[in-house]
Structure formats: structure tokens, C-alpha cells
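Dear colleague,

Please find the structure below, handed over for your own work.

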Amino acid sequence: MNPIERSHPRFGDGLAEHDLDFLASDDARPARLLLEFLRAEVKLCRGHIHSTVVIWGSARVPAPGVPPANGQARLARWATYYEEARQLAALLAARAGSTECRDFIVATGGGPGIMEAANRGASEMGEITLGLNIELPREQRLNPYVRPEWSIQFHYFALRKLHFMLRARALVAFPGGFGTLDELFEALTLVQTGRIERIPIVLVGREYWRRVIDWNYLVDEGFIDAADRDLLTIVETGREAARTVLSCYGASP
């Protein structure tokens, strides 16, 4: 379109990209979805992020010795997994590759708790670490271990999940709530149905996962196959998780 056509009255009172009311409207949702996907993709490509290890877990788990933010004292007993996530990320950071092709980059939801621990472990090793953050009513402040240039803010859960999966070489889930379970089961379904290639899926915290989900019961009752149960590995420590992930790619922590 040339400048004369652009200024013609039939095009209204300005360019579409300047019409914030329109961009925020239901009618423009497809454009917002595309922009949110594309902005993250361009940022990751320009940062030479070749592959990631995605670490999920509760935003509510405190660091050892720190009172839980929501006042639920029972959460303090899970603080050991903060340190396990931190150690896992530190071990993965040693395999991050060069700035021209970054591999095994630790990616989290960018929030507090287990996410903070994982970002912290990679950051303390001098490696970049990603925070795919999202707008939520509570809990989802960006933790201080993700540098602003490696934080990506999302509005849509679906696009955030898509970017979690696109470069994932492995998925590690620590104890968590609805968000952690949602992300885990979506990933398991994608692998089970062949939508993505099989990658290591590791659950950390034997007691938690034994009590929350009875995988054997699902097999015994015929809701999943025994092979589906074998899509995941349950371990207790960050070091075990790192060994499980890296051994799948011919490496060791």
C-alpha cells in the first residue's frame, strides 16, 4: 500500500497497530495469539537457544529456613526439594554449550518456589536460564535469578505450554499443584499419542508422586497401558534427575 492509499479516508482514523482498543478486542484475539507466539520464537532464536530442560514445580515451596509465603507451615517440609531443584539446574548448566548453540538451557515458569530454585542453580553456575512467565492473580512474580532479557511474559497458557515443549529435550516435575499437574499430564499425553517424540520425563519426590497419583492403579484398571507408565521415571534427588536426563543423550553429570 502506498502513502496515498494509506491516508485515504476509507482506512479510518489511523493504522491498525496504533488502535489499542481494537488490538485488545475479542475480534483481534487471533492476531494477539500470533504475536505472542512470534515474539517468543524470535527472542529464543536470536538467543541461539537450541534446546532446553524444562523444570516444573510449586511456586509455594520455600527455600530452606524461609517461612512459606502463604503461611501454610506444612510447606516447610518440602523445602528440601528447593535445594534438589537448585542442584539439578547446576548440573545441567555445565552442559549448556556455546553462545552460538545453547543446549540443555534450564527453562522454568519464572516464578518463585521450585522455579526460582532451578533458575538460581543455573544462574549461580554463570549460565543463562529462561523464565516463561505468565500473568496470574498471585504467586507469579518473576524471580530474581532470571535476567530480564531471558524472561518472556505470556498471557495465554496455551502458547506458554507450546514454547515449553518446542525445544524441550527433557521435562522434570517436582512436587506442585494444579499448574504442575496440568503441564505434566499435557506433556505425557503428547508423548503417549505420538504428537511429539519421546523425551525423558522425570518426577522428583517419590513420596509425593506415590500419594498424588497411583500409576499402577491406572494400569491395573486398564486406563493406561504398562508402556504408558514407563514414559516417566520417578527419582528422589536432583542428581538422580540429572543423571537420568543426561544419560539419555550419552552424557553424565
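His48 counts as partly exposed, because its relative accessibility is 41%. Please note that the model is a predicted one. His48 sits in the loop that joins helix 3 (29–46) to strand 1 (52–56). Its backbone deserves a remark: the phi of His48 is near 60°, a positive value in a residue that is not glycine. As background, most residues other than glycine have a negative phi.

Phe104 also has a positive phi, of about 55°, although it is not a glycine. Phe104 belongs to the loop between strand 3 (101–102) and strand 4 (105–108). With a relative accessibility of 9%, below the 20% limit, Phe104 counts as buried.

Two further loop residues may be of interest.

Ser58 lies in the loop between strand 1 and helix 4 (80–93). Its relative accessibility is 11%, and Ser58 therefore counts as buried. The side chain of Ser58 comes to 2.9 Å from the backbone nitrogen of Arg60. Beyond its neighbours within four places in sequence, Ser58 is in contact with Pro112, Gly113, Ile114, Pro175, Gly176 and Thr180.

Leu231 is placed in the loop between helix 10 (226–229) and strand 9 (232–235). Leu231 counts as buried because its relative accessibility is 11%. Not counting residues up to four places away in sequence, Leu231 touches Leu188, Val191, Gln192, Arg198 and Ile201. Between Leu231 and Ile199, the C-alpha to C-alpha distance is 8.4 Å, while the two are 32 residues apart in sequence.

The largest cavity has a volume of about 50 Å³. Its lining consists of Leu44, Ile49, Thr52, Val54, Ala107, Leu130, Leu132, His163, Phe164 and Arg167. Strand 1, strand 5 (130–134) and helix 6 (157–166) are the elements that give two or more residues to this lining. Sorted by class, the lining of the largest cavity comprises 7 nonpolar, 2 polar and 1 charged residues.

The second largest cavity has a volume of about 40 Å³. Trp56, Lys161, Phe164, Met165, Glu183, Glu186 and Ala187 line the second largest cavity. At least two residues of this lining come from each of helix 6 and helix 7 (178–192). Its classes are 4 nonpolar and 3 charged residues, with no polar ones.

Yours sincerely

Terms used:
Residues are numbered from 1 along each chain as its sequence is written. This is a predicted model: local features need pLDDT of at least 70, side-chain atom pairs count only at pLDDT 80 or more; totals for chains, interfaces and linings use all residues. Side-chain values use heavy atoms; hydrogens and water are left out. Helices (H or I, at least four residues) and strands (E, at least two) are DSSP runs, numbered from the N terminus. Buried means under 20% relative accessible area, exposed over 50%, partly exposed in between (1.4 Å probe, protein chains only). A polar contact is a pair of N or O atoms within 3.5 Å; within protein, one must be able to donate a hydrogen and the other to accept it, and residues adjacent in sequence count only if both atoms are side-chain atoms. Contact means heavy atoms within 4.5 Å. On a 1 Å grid over the protein atoms alone, a cavity is a set of points where a 1.4 Å probe fits but cannot get out, and a pocket is an open set with protein on both sides within 12 Å along at least five of seven lines; lining residues have an atom within 4 Å of a point. Grid points are joined across faces, edges and corners, and a volume is the space filled by probe spheres set on the points. Ala, Val, Leu, Ile, Met, Phe, Trp, Tyr, Cys and Pro count as nonpolar, Asp, Glu, Lys and Arg as charged, and the others, Gly among them, as polar.
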